[in-house]
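Q: I am new to this structure. How do I read its features, one at a time?

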2 protein chains.
Amino acid sequence: MKKLALENFLPYRLNRIGAVVSQKFKSVYGAHHDLTIPEWRVLATLGQFEEMGAKAIGQHSSMHKTKVSRAVRALEERRWLRRRESDQDRREEILSLTTAGRRAYADIVPRAVAFEKQILLALGSDATKLLASLDRLERTFEEN
Amino acid sequence: MKKLALENFLPYRLNRIGAVVSQKFKSVYGAHHDLTIPEWRVLATLGQFEEMGAKAIGQHSSMHKTKVSRAVRALEERRWLRRRESDQDRREEILSLTTAGRRAYADIVPRAVAFEKQILLALGSDATKLLASLDRLERTFEEN
DNA sequence: AATAGACGGTTACCAATGCAACAAAAATTA
DNA sequence: TAATTTTTGTTGCATTGGTAACCGTCTATT
């Protein structure tokens, strides 16, 4: 019977590494230790774009709309996020960060960047190769 | 305010790619469409090593013991897996695939290998670089 | 303008999963 | 050998996440 070495199997490895990195990433939340990954993604997206609807956030951060909806509510309850009704389209809610939300963003971003840098540093000369391969991999899957 | 581009952020990208690849990977289950990822990992591990305890399966496939426990039960109910009590240690259950289980394994493995090959092919000359970088990345995180 | 369909967002429901507590059986220590 | 601790594996509980149904609003067709 032909065998397969799970530990060398690409889908398994990619998934495993993603999980490990996400796990370690939680350490960068610092004081905001109870932030979840979906909440972080919403925070990061709004920090990046200032104002957006929930759908656009989901598209930019690869999250299901229910996940976005729940993360948005959590951030709202935390007073990091504010919603206002769009004038053009009253179905849509325009979301943006409050001052407290921007403060949290400004607090987390440098740690996140440092965390990423630490990984890339550990990779040494392989780092640029990895990034290039990831680009390619992403494009491969976007196409179909 | 210093910004971070989420779409270029390494932890996000790794996680996203892992999710996309896993999603696509489901297509290789073929007739066994209702198999879950944890079940596949247990199947793959037992196909690779013939006989193992649940703990060893969890270690080899990076799964929490409760996940293993439940996947094992599901495969057992499917009659793909058999348990027998260990003589040396009566806490442990020695697990192995039944004939049906080995048949399913033999059925899925070639598809899995083809799936992987397709990805590596799409990556072209970047493929070996990616694999090398993944090795490096895995080692980076194993160490601490 | 009226109707039908599409769309943004929320929620009820169910499946999946991790944590903590547990049982049973070693292994260790006294 | 008795008592304590560790280990394997399962299960109850709470959390998380996706599917589908839904509400209100917008758009297109007539």
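A: Start with the elements of one chain. Chain A has six helices and two strands. Keep in mind that this is a predicted model.

Q: What box do the C-alpha atoms of chain A fill, and what share of its residues count as buried?
A: Along the principal axes, the box is roughly 60 × 35 × 25 Å. Chain A has 144 residues, and 34% of them count as buried.

Q: What share of the contacts in chain A joins residues 24 or more positions apart?
A: Count the contacts with a separation of 6 or more. Residues 24 or more positions apart make up 48% of these in chain A.

Q: Now the second copy. What rotation superposes chain B on chain A?
A: A rotation of 180 degrees does it, with 0.0 Å of shift along its axis. The RMSD is 0.0 Å. The two copies are therefore related as by a two-fold rotation axis. Both copies use the same surface: 100% of the contact residues of chain B recur in chain A.

Q: How do I read the size of an interface?
A: In general, it is often given as the accessible area lost when the parts come together. Here, count residues instead. Chain B brings 49 residues to the contact, and chain A brings 49 residues.

Q: Which elements of chain B give two or more residues to the side that touches chain A?
A: They are H1, helix H2 (37-49), helix H3 (54-61), H5 and helix H6 (126-143) of chain B. H1(B) gives the most, with 13 residues. By class, this side of chain B has 26 nonpolar, eleven polar and twelve charged residues.

Q: How do I read a helix such as H1 of chain B?
A: Compare its reach with its expected span. H1(B) covers residues 10-25, which is 16 residues. From first C-alpha to last, H1(B) reaches 22 Å, close to the 22 Å expected at 1.5 Å a residue.

Q: Against which helices do the buried residues of H1(B) pack?
A: Name the residues first. The buried ones include Leu10(B), Tyr12(B), Ile17(B), Val21(B) and Phe25(B). In chain A, the buried residues of H1(B) pack against helix H1 (10-25), helix H5 (99-123) and helix H6 (126-142). In chain B, they pack against helix H5 (99-123).

Q: Take one residue of helix H5 of chain B, Glu116(B). Why does Glu116(B) count as partly exposed?
A: Count its C-beta neighbours. Glu116(B) counts as partly exposed because it has 19 of them inside 10 Å, while a buried residue needs 20 or more. Beyond neighbours within four places in sequence, Glu116(B) is in contact with Phe9(A) and Leu10(A).

Q: Which residues touch the most other members of the largest nonpolar core?
A: That core has 70 residues, and Val42(A), Leu43(A), Val42(B) and Leu43(B) touch the most other members. Look at Leu43(B). Leaving out residues up to four places away in sequence, Leu43(B) touches Leu75(B), Trp80(B), Gly101(B), Ala104(B) and Tyr105(B).

Q: Last, the DNA. Which residues come nearest to DNA strand C?
A: Of the 18 residues around DNA strand C, the nearest are Gly53(A), Ala54(A), Lys55(A), Ser69(A) and His64(B). The elements giving two or more residues to this surface are helix H3 (54-61) and helix H4 (65-77) of chain A, with helix H4 (65-77) of chain B. H4(A) gives the most, with four residues. By class, the surface near DNA strand C has three nonpolar, six polar and nine charged residues.

Notes. Residues numbered from 1 in each chain as written. Chains lettered and ligands numbered in written order. Predicted model: local features only at pLDDT ≥ 70, side-chain atom pairs only at ≥ 80, totals over all residues. Expected span 1.5 Å × (residues − 1). Buried ≥ 20, exposed ≤ 12 C-beta atoms within 10 Å, placed from the backbone. Contact = placed C-beta atoms within 7 Å. Near = placed C-beta within 6 Å. Nonpolar A, V, L, I, M, F, W, Y, C, P; charged D, E, K, R; others polar. Least-squares fit on C-alpha atoms with pLDDT ≥ 70 in both. Core = buried A, V, L, I, M, F, W, Y, C linked by C-beta atoms within 7 Å.
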